Amino acid sequence: ENAAAAESAAAFTAAAMGTAENNPDNASPSAGPAPPTVTPADAPSMHTYDPWERLNRFTYRFNARFDEGVLLPVSNLYRRVPAPLRSGVHNFFENLSEVDSVVNYTLQWRLKLGLRGIGRFVINSTIGIGGLIDVASKLKLPAAPTGLSTTLAKWGMHPGPYLVIPLLGPSTLRDGLGFIGDYGILYGIDLGNLYRGNVSWGLGTVNAIDQRSNVSFRYYATGSPFEYENIRFLYVRKRLIEDQGVRGKEISNGAKSTTQQENDVAAPAGK
């Protein structure tokens, strides 16, 4: 795929310099071949499948008000906590998520990444003092989180209709199911009895505040009247590109790309 991309870039460069096919008057003897033709199937759709738009818009406004009135003020206070403490909290939750990543990498049959997740968890849980210090990254074992939604994408499930989840924000039907499944995995394993009882509510709240403090997005900050549409398009397009990356080997073997699959049906999810 990299070689094909390099060849395509070289073709476009040659065309920009002028080729006999496109500019006979200024043709150069060293000019390369004409650039490949772009067909409508290669162009991403500008539409997003949103059958629950009315409910999604209501949820989006609710999330914006909750964020402005509750979550954002609390996360701003949280930012006043010394950076080493905030870093420790963030590393702690990231280390717990390795359990879910290992399970899903195994389901995706990406065993090498699953073994790396096990190594990260063991190192950070021991040398890293329960995950408070990300020692594994310093040992050149960077985090690579994954989840059930990516697992479903790996085995061919489309993202489905666009969905705005209360408090969580932009999503798709598949991502929503993946979120429930990821929590179910952690709840079922229940490492250290952290996902049941009152402890789970406290940890969940702290995790939400920590995640919000690390996101710079602000609702209606751009002043655009089309913020909902823009976020919807960007989120779904991002997920489709990620899906194509996960299934890249299948596509290179002749399967249709995500864009081609979108354009093959009248009203697909993500279109």
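**Entry 1: the cavities**

I began with the inside, and the largest cavity has a volume of about 40 Å³. My count of cavities of 30 Å³ or more came to 2.

Which residues line the largest cavity? I wrote down Glu 98, Tyr 105, Leu 113, Arg 116, Gly 117, Arg 120 and Ala 144. Helix H3 (83-107) and helix H4 (111-126) each give at least two residues to this lining. H4 supplies the largest share, with 4 residues.

Next I checked the confidence. The protein chain has a mean pLDDT of 85, and 82% of its residues reach 70 or more. Among the elements, strand S1 (residues 162-165) has the highest mean pLDDT, 97, while helix H11 (residues 258-263) has the lowest, 49. Over residues 263-271 the pLDDT falls below 50, although this stretch has 28 contacts in the model beyond near neighbours in sequence. I left myself a reminder: where pLDDT is low, the predicted coordinates should not be read in detail.

**Entry 2: the overall layout**

I counted the secondary structure and found 11 helices and 2 strands in the protein chain. Reading along the sequence, I get the pattern α-α-α-α-α-α-β-β-α-α-α-α-α.

How much of the chain is buried? Of its 271 residues, 35% are buried. The chain exposes about 16,200 Å², and carbon and sulfur atoms supply 64% of that area.

I also looked at contacts between residues at least 6 apart in sequence. Of these, 66% join residues at least 24 apart.

**Entry 3: the salt bridges**

Then I turned to charged side chains. Side chains of opposite charge can pair when their charged atoms come close. How many salt bridges does the structure hold? I found 14.

I took Glu 229 and Arg 57 as my opening pair. Their closest N and O atoms are 2.4 Å apart, and they form a salt bridge. The pair links distant parts of the chain: Glu 229 sits in helix H9 (residues 227-246) and Arg 57 in helix H2 (residues 53-78), 172 residues apart.

My next pair was Arg 212 and Asp 67, a salt bridge with its closest N and O atoms 2.6 Å apart. Here the distant parts being linked are helix H8 (residues 198-213), which holds Arg 212, and helix H2, which holds Asp 67; the two residues are 145 apart. Arg 212 counts as buried because its relative accessibility is 9%. Asp 67 is buried as well, because its relative accessible area is 6%.

The last pair I noted was Arg 239 and Asp 175, which form a salt bridge with their closest N and O atoms 3.0 Å apart. Arg 239 belongs to helix H9 and Asp 175 to helix H7 (residues 173-189), so this pair also links distant parts of the chain, 64 residues apart. Arg 239 is buried, with a relative accessible area of 10%. Asp 175 is buried at 9%.

**Entry 4: two more residues**

I went back to helix H2, where I found Leu 71. Leu 71 counts as buried because its relative accessibility is 17%, and the cut-off for buried is under 20%. What does Leu 71 touch, leaving aside its neighbours within four places in sequence? Leu 71 is in contact with Phe 66, Ile 209 and Arg 212. Leu 71 and Arg 212 are 141 residues apart in sequence, yet 7.5 Å apart in space, C-alpha to C-alpha.

My last stop was Ala 14, in helix H1 (residues 2-17). Ala 14 counts as buried, with 12% relative accessibility. Ala 14 and Pro 35 are 21 residues apart in sequence and 8.1 Å apart in space, C-alpha to C-alpha.

Methods. Residues are numbered from 1 along each chain as its sequence is written. This is a predicted model: local features need pLDDT of at least 70, side-chain atom pairs count only at pLDDT 80 or more; totals for chains, interfaces and linings use all residues. Side-chain values use heavy atoms; hydrogens and water are left out. pLDDT is the predictor's confidence in each residue, from 0 to 100. Contact means heavy atoms within 4.5 Å. A salt bridge is a side-chain nitrogen of Lys or Arg within 4 Å of a carboxyl oxygen of Asp or Glu. Buried means under 20% relative accessible area, exposed over 50%, partly exposed in between (1.4 Å probe, protein chains only). Accessible areas come from the Shrake-Rupley method with a 1.4 Å probe; for residues, only the protein chains shown count as cover. On a 1 Å grid over the protein atoms alone, a cavity is a set of points where a 1.4 Å probe fits but cannot get out, and a pocket is an open set with protein on both sides within 12 Å along at least five of seven lines; lining residues have an atom within 4 Å of a point. Grid points are joined across faces, edges and corners, and a volume is the space filled by probe spheres set on the points.
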